[in-house]
Amino acid sequence: MSALLEVRGLEVDFVQYERGLRRRTVRALAGMDLTAAAGEVVALVGASGAGKSLLAHAVLGLLPPNAVERGTVAYDGVDLDPESRRRLAGRGIALLPQSVGFLDPLSRVGRQVRRSARLAGHPDPRRAAEEALARRGLGPEVLRLHPHELSGGMARRVLVAMATMSRPRVLVADEPTTGLPAATVATTLAEFRVMADEGCAVVLITHELVAALAVADRVVICRDGRTVDVADPRAFTGDGSSLRHPYTRSLWQALPANGFRVPTTAEA
Ligand SMILES: Nc1ncnc2c1ncn2[C@@H]1O[C@H](COP(=O)(O)OP(=O)(O)OP(=O)(O)O)[C@@H](O)[C@H]1O
Ligand code: NI
């Protein structure tokens, strides 16, 4: 299997100006590596601020103008610059954004979901929109609402409906299950598994390591802007002794079910 998405040595610096005068550069990503092949769900985990969303935005060519990017992002074997990646957004590569702020606050849900359906080439966008929401337990009345009238969980389901509409070859899902009830977490993750089984490469960014293990083929662990480990989901078991990297082990052992064990400095 060749990788549909390959991120190699990705670095991102932000250029900032102190009191409008002195220029300084802040390194946000310092070497991220991640590959995802057709048919794979690759989970990307790491603490808050580790750089997961930045990686997602870089892949889609959506970094802000003050970001300086180095490294390689290849899609289907071809290295692409940010501009070319932006052109693929919503077609070959889709982002399921972490923030519901990606929804247009002024426009009704129906209009936004129909737009995704139209961009995806559905012959009947109205029907496609209704069906996509219905599949996620949202009735047609939701189409008439504005984003601020949605609960967090409903908004997230709308984003899932929009991001998966085009049947992208690569889906980068950034915290797609945050705020969802447990039953919906499982069905949402199962949907990503089905997409992968049908040939999509899915990057699943999540804090919910245990839920992710049920659907992931590989787990990429990042810390402070770097990929530190790639682990087999089956290694996350028992006391974590089959996990090679001490940081990965400490993430596993810190979970409530594993006794909230706080890593010692030597391990972490
Ligand atoms: N526009 C920006 N300018 C400067 N620094 C930024 C910018 N965007 C992100 N960062 C920094 O980059 C780092 C990584 O942020 P990122 O949002 O990717 O983390 P994350 O792993 O997605 O965290 P979370 O799990 O909380 O979503 C953070 O230290 C953040 O402060
Ligand atoms: Ni994030």
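## Buried residues of helix α3

In helix α3, the buried residues are V109, Q112, V113, R114, S116 and A117. These buried residues pack against two other helices, α4 and α5. The model described here is a predicted one. The sections below take the chain as a whole, and then each partner of α3 in turn.

## The chain as a whole

The protein chain contains 8 helices and 10 strands. Its C-alpha trace spans about 55 × 50 × 40 Å along the principal axes. For 268 residues, a compact globule would have a radius of gyration near 18 Å, and the protein chain, with 19 Å, agrees with this expectation.

Of the 268 residues, 37% count as buried. When contacts between residues at least 6 apart in sequence are considered, 65% of them join residues at least 24 apart.

## Helix α3 against helix α4

Two packed helices are described by the angle between their axes and the distance between the axes. Helix α3 covers residues 109-119 and helix α4 covers residues 125-134; their axes come within 8 Å and cross at roughly 110°. Angles of 65 to 115 degrees count as roughly perpendicular, and α3 and α4 are therefore roughly perpendicular to each other. The crossing in which α3 passes α4 is right-handed.

On the side of α3, the contact is formed by G110, V113, R114, A117 and R118, while α4 contributes P125, R126, A128, A129, A132 and L133. Sorted by class, this contact of α3 with α4 comprises 7 nonpolar, 1 polar and 3 charged residues. After α3 comes G121, which has a positive phi, near 85°.

## Helix α3 against helix α5

Helix α5 covers residues 152-164, and it packs with α3 at an angle of about 25°, the two axes being 8 Å apart. Angles under 35 degrees count as roughly parallel, and α3 and α5 are therefore roughly parallel to each other. The crossing of these two helices, α3 and α5, is right-handed.

Which residues of α3 and α5 meet? From α3 they are V109, Q112, V113 and S116, and from α5 they are V158, A161 and M162. By class, the contact of α3 with α5 has 5 nonpolar and 2 polar residues, and no charged residues.

## Residues of α3 in both contacts

V113 of α3 takes part in the contact with α4 and also meets α5. V113 is among the buried residues of α3. R114 and A117, which are buried, belong to the contact with α4. Q112 and S116, also buried, belong to the contact with α5.

How values were computed
Residues are numbered from 1 along each chain as its sequence is written. Chains are lettered from A and ligands numbered from 1 in the order in which they are written. This is a predicted model: local features need pLDDT of at least 70, side-chain atom pairs count only at pLDDT 80 or more; totals for chains, interfaces and linings use all residues. Axes are lines fitted to C-alpha atoms, for helices over the stretch in contact, and angles run from 0 to 180 degrees between N-to-C directions. Helices (H or I, at least four residues) and strands (E, at least two) are DSSP runs, numbered from the N terminus. Angles under 35 degrees count as roughly parallel, over 145 as roughly antiparallel, 65 to 115 as roughly perpendicular and the rest as oblique. A crossing is left-handed if the near helix is turned anticlockwise from the far one by less than a right angle, and right-handed if clockwise. Two residues are in contact if their C-beta atoms, placed from the backbone, lie within 7 Å. Ala, Val, Leu, Ile, Met, Phe, Trp, Tyr, Cys and Pro count as nonpolar, Asp, Glu, Lys and Arg as charged, and the others, Gly among them, as polar. The radius of gyration is taken over C-alpha atoms; the globule rule is 2.2 Å times the number of residues to the power 0.38. A residue is buried if 20 or more other C-beta atoms lie within 10 Å of its own, exposed if 12 or fewer, and partly exposed in between; C-beta atoms are placed from the backbone.
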